[in-house]
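Hi,

Here is the structure I said I would pass on.

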Amino acid sequence: SIDDAVEQYFKNLHSQGKDPKTIRAYKVAVEEFRKSCTKEFLHEISKQDLIDFMGWLRKQPPKLRKNGTLRKPRRSGDPNRTYFNKVNNVVIFLSAHGINRLLKKSEYPKFAEKPVVYYDAEQVKALYAAAKDDEERFTLDYFLKTGVRDGEAGHAEYGDVKGGFLNIVDKPHLNWHPKHWHIRRIPIPQDLVAAIAERQRQNLGGKLIFPNGAGNPDEHLLRIVQRVAKNAGGTFHADLHTFRRTYATLFSGVTKIQTVQYLLGHKDIKTTMRYLGIADLNSPETRAAVEKTFSDFKTAQIATASVTTAAVM
């Protein structure tokens, strides 16, 4: 039955040690699909059930908060992207039980790809100016200069920093592992190495770089970034992934895309490409590049025309 398949699927995900956030995302999608699908057995599911699920998602009213009030629509985010993700998660669930190729690519929910959001030099400057203490400045430094995920920062230990590198490694003693189990070494600048060493000296024996009040990994570092962004004012998007995109964009100008892929811990280079921002189209550098490109093109045209005329003569 479908219910038995759902139960077995999530048992398997836990047994395989999948990331808890990933499991939660799958669980939401599969449970919603189960609400929309009235069939009892797995083999009865067809393409139409997935298409009906898309329609079901679009008809759902806004969810309620715990106090019973309606949630306001998010100011950012595309609901069509959410529909795509949920349908894709259900497709993955079905594939795990041998049901494949129900949908063509063209039949998935469509959504518009947004421009990559990253911090430019002026925004970074404003963030640092808004930091009120050493803790906030260190947190900004850490995310900007390592490009790590929030969980990788929260579970980082002083012993991970060796020889100018930050080692992202498995942490069985903390019941944690990197996403996709992707162990890697990230080169970090000497000023950050020195700041981490000084932080360790002041911590007097603590192993974690970002411990919470109970001495456990701090899994709420986003709150610090949100606080700084709020103090900075303007239109800052307080998101730790924005630091990763900023890190990727900075590195993309000085090294190969494969290196950026490794540093970010991506399995697929297509994912890395979605992290790279476009340079400021109003900048003098971009304008100079436009002028040079078409100046060189015009010169090449004239040279070609001259050669052709000479050949005719």
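How do the residues of the lining of the largest cavity divide into nonpolar, polar and charged? There are 5 nonpolar, 2 polar and 3 charged ones, where Ala, Val, Leu, Ile, Met, Phe, Trp, Tyr, Cys and Pro count as nonpolar, Asp, Glu, Lys and Arg as charged, and the others, Gly among them, as polar.

Before the rest, some ground rules. This is a predicted model, in which local features need pLDDT of at least 70 and side-chain atom pairs count only at pLDDT 80 or more, while totals for chains, interfaces and linings use all residues. Residues are numbered from 1 along each chain as its sequence is written, and side-chain values use heavy atoms, with hydrogens and water left out.

Back to the cavity. The structure holds 1 cavity of 30 Å³ or more (on a 1 Å grid over the protein atoms alone, a set of points where a 1.4 Å probe fits but cannot get out; lining residues have an atom within 4 Å of a point). The space in the largest cavity is about 40 Å³, counted as what is filled by probe spheres set on the points, with grid points joined across faces, edges and corners. Its lining includes Glu-152, His-155, Asp-160, Lys-171 and Trp-176. Strand β2 (residues 165-168) gives the largest share of that lining, 3 residues. (Helices, H or I of at least four residues, and strands, E of at least two, are DSSP runs numbered from the N terminus.)

Now the salt bridges (a side-chain nitrogen of Lys or Arg within 4 Å of a carboxyl oxygen of Asp or Glu). The whole structure has 18 of them. Glu-152 turns up again here, in a salt bridge with Arg-184 at 2.9 Å, N to O. That pair links distant parts of the chain, with Arg-184 in strand β3 (residues 184-187) and Glu-152 in helix α7 (residues 150-154), 32 residues apart. Both Arg-184 and Glu-152 are buried (under 20% relative accessible area; exposed is over 50%, partly exposed in between, with a 1.4 Å probe and protein chains only).

Two others sit within a helix. In helix α6 (residues 134-146), Arg-137 and Asp-134 are 3 residues apart, about one turn, and their closest N and O atoms are 2.9 Å apart. Arg-137 is partly exposed at 32%, whereas Asp-134 is exposed at 59%. In helix α1 (residues 2-15), Glu-7 and Lys-11 are 4 residues apart and meet at 3.6 Å, N to O.

Finally, Asp-141, Lys-145 and Asp-191 are linked in a network of salt bridges.

Cheers

Terms used: On a 1 Å grid over the protein atoms alone, a cavity is a set of points where a 1.4 Å probe fits but cannot get out, and a pocket is an open set with protein on both sides within 12 Å along at least five of seven lines; lining residues have an atom within 4 Å of a point.
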